[in-house]
Amino acid sequence: MNTLIKFAHPVGKQWRLYGTGNEGLAQTARVVIAGAGLLGNSVAYHLTENGWTNVVVLDQHIIGSGTSDFGSGTIGLFKPTPERNIIKESLKLYEDLQNAGHQIGLKKCGGINLAQTHDRVIALKRRIAYNLPTGLFCEFIDAEQVKKLHPLVNVDDIQGAVYVPDDCVAEPASVLQVLAGLAKQKGVKYFEGCEVMHVNTKGGRVYSVETDIGTIQCEYFINCSGMWARELGLKCKRPVCIPAYPAQHFYGLTTNLNLPTKHLLPCVRDYDAHLYARQIDGEILVGWFEKEAKPAFDSINDIPKEWKPHLDQSMASHCGPLWEKAVDRIPLLNKIGQPKLTNSPDTFTPDGRWIFGEAAEVKNYFVACGMNGNPLQGSGGIGKALAEWIVSGTPTIEMLPFNIQRFLHLHNNRQYLQQRIREVVGRQYAILYPNQSEYKYSRKLRCSPLYSVLEQRGAVFGTKMAYERALYFDTDYTRGGELPTMPTGSFYKPKFFHFMEKEYIACAQHVGIIDISSFSKIEIKPGVHNDGDKNNVLDYLQKMCANDVDIETSHIVHTGMLNERGGYENDCMLIRQNVDHFFMISPSSQQTRIYEWMSRNLPKDASVKLNDVTSMYTVLNVVGPKSTQLMSELSNSNVKLQPFTYRKLNIGYASDVMIMTFTHTGMPGYCLYIPSEYALHVYDRLMTVGHDYGARDVGTLTQRFLRIDKFIPFWGDELTSMSTPFEAGVFYSISQLKKKENFLGRAALERQKRDGLTKRLVLFHVEDIDIDKDVWPWGGEPIYRNNEFCGTVTSAGYGFASQKLVCLGYIGRPSNSESSVITTEFIMDKSAVYHIDIAGGKFRLTQHIHPKAASTKSMEEGDLRKTYRPTVVKFKKQFQV
């Protein structure tokens, strides 16, 4: 019953309850959701579908008063696979609602994705290639076919398009109200005009929610508050980092166009003009993802509750040039004059991907926000995924692309976000060339002490976790000239490939120096409570790690940390520095995520503590056959160590440098963990003395290609929470199951060992491809076995040793197979013929289940037989900062 209820606390505060039961703010609830927009209502609805009805939804204004019902209402399925899987769940929900008799305006109209350039054609064909075999019908069409499907579109400059007949439209406001109504019918209580003041915690988890009309004790809190999500996160008694910020997002709606409404025109996405257009009743709505957008509310400190009066009102002048592009694409628009313009801000994230999941800072604090310009499209699927996660206690889908823990607190800086989203909006429609589309804004935030030196040596930088990393070195650069930048991207051989080739030769024949300081580094030590007769640190790590970490002091072990499904939560190196003191190295993107995972599994008695020391060390990979000679000359200690061992020694004048005998590349050499105050000195010695050994700067892109060629899987690509060590083929990173008991994931591995694998990581060489003329594989391409779809490429690059393009990818049996178990015999069957589809071009593949280098080692060995003759080096300070 929609009755206005007055509440005594605080005096004069008016609020409304929509629901059943007691007329007053509930004192307890299992779940409290902040924000009654599309996401909040979707989560509430899906919780009730899972049997959880003790749910309260709070909104500071009224249901749907944010911006989620202002969206375009388009549901486009032609997306990268992780996003498409979520959108498919959204569409299924909306179809179920429509079939149940709810009027949400869901109509199948189809979608046309236009290409004005050759590179856009390739980008679209690559997406067709991986969408088709996984269940989405889409086809490449020519300009004439576009005109037949949408007679209003000007096709004079179109090189082609992709038609997706299953694309739909719906009414966001209607979907929002229907979901809220269904949730209320099942017992969810909605409180309007109720503002969350604080989220209280107890024992590191959500305890209660303070509002301006009272306090609710709860088990779970879900922040679905849209463009207020970031500020609300900071109101938690342990602040929660939610890096999302609204950008101004404009659209225009025609008047008096009076188009026929019996059959809607397809939605049009003109990526190269950064606009979309769809029919609404008899009119056309045009919206823009501007190449350089404006942050909303940048002149005021906080995002106001009454937000509409604070929006930029100079829409006519700003949207004039944008409307001209729309007229160019749909000339009929020129006849109706100016449209009705709307500034509808939406929340964008630093990397343009949705945010949802459990916060790292507080247990049971969940977040869903950052819809990046189209709330309707993802809300249904995100609500389902989040509700299932909360109910089951673990994610039911692969979460890495969207998990809130992919960020650090620095990403939550307001100025950082305001700058970054200026380009994030346009990147929704931009061509994102693999490994070549770096951000322009909010850069130079986390830098190695060597940044300025490397910059002056021709480094071209990219970012990982906001850390500046040298991707490659432009050796044509001369000091004092204009600094080199990343050239225009390409789906073909990279334009900087010749620089990478020289870097590889340094690693294969001489010495390559790679700055990998961005890697996450954590110390695991005894805590405040320590039983002298028990090694609590070792016991803890033995439980967390799949491999046996009870190794000798000064030794190193490669291990995975697994979840209960046997999937990866971390891929790491553990260095035993003392009996009860370990040093852990993890991928850069894991800095937040793995610290949180390990923290939540710590013993309750505080007998073990973690210390993030990522910024304390500068890390240099010294790779190559002459690395031992070079290091011997730089240190007065013996550097001829056994594989996977470490010691502390002096390098030059620097003391306590940790030298480790692995390189993350599968090639000989060392990893140096240098106290950061010594970094410049050690680098100077390496490059100066290393001159005689052919030492050369090497970028992380070359390191990536080296790893792929050596069949070393990557975190986030091959190693995910949904893939196990057996599936990835990294048997060396787990102990024999009979030798170690009770580690996380052991039971799942036992089941896999008993029942067999349903997928397996395989290395492929691409045959009969011209690397100078053909489009390269970059990841995501479908793999076929005897013309049947069997898997997808996860990583790809050029193998300098094998002199072939190399792909890694999981394959399984085709869907029509009687058995789902995959074996080595099945993979390597001589009658099996494998192909890859690269943007519509089919190329033969040769499969391998072990690293496969070229038959000749000439490139790697060619220079080793030469006698080393030292030259006189005049030592002086060569690198000025």
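I began with the largest cavity and found it lined by Cys241, Ala359, Ala360, Glu361, Ile404, Gln405, Phe407, Leu408, His409 and Thr592. On a 1 Å grid over the protein atoms alone, a cavity is a set of points where a 1.4 Å probe fits but cannot get out, a pocket is an open set with protein on both sides within 12 Å along at least five of seven lines, and lining residues have an atom within 4 Å of a point. I noted that this is a predicted model, in which local features need pLDDT of at least 70 and side-chain atom pairs count only at pLDDT 80 or more, while totals for chains, interfaces and linings use all residues. Residues are numbered from 1 along each chain as its sequence is written, and side-chain values use heavy atoms, with hydrogens and water left out.

I looked up the volume of the largest cavity, which is about 70 Å³, a volume being the space filled by probe spheres set on the grid points, joined across faces, edges and corners.

I then checked pLDDT, the predictor's confidence in each residue from 0 to 100. The mean for the protein chain is 92, and 94% of its residues reach 70 or more. Over residues 1-12, however, the pLDDT is below 50, and this stretch has 23 contacts (heavy atoms within 4.5 Å) beyond near neighbours in sequence.
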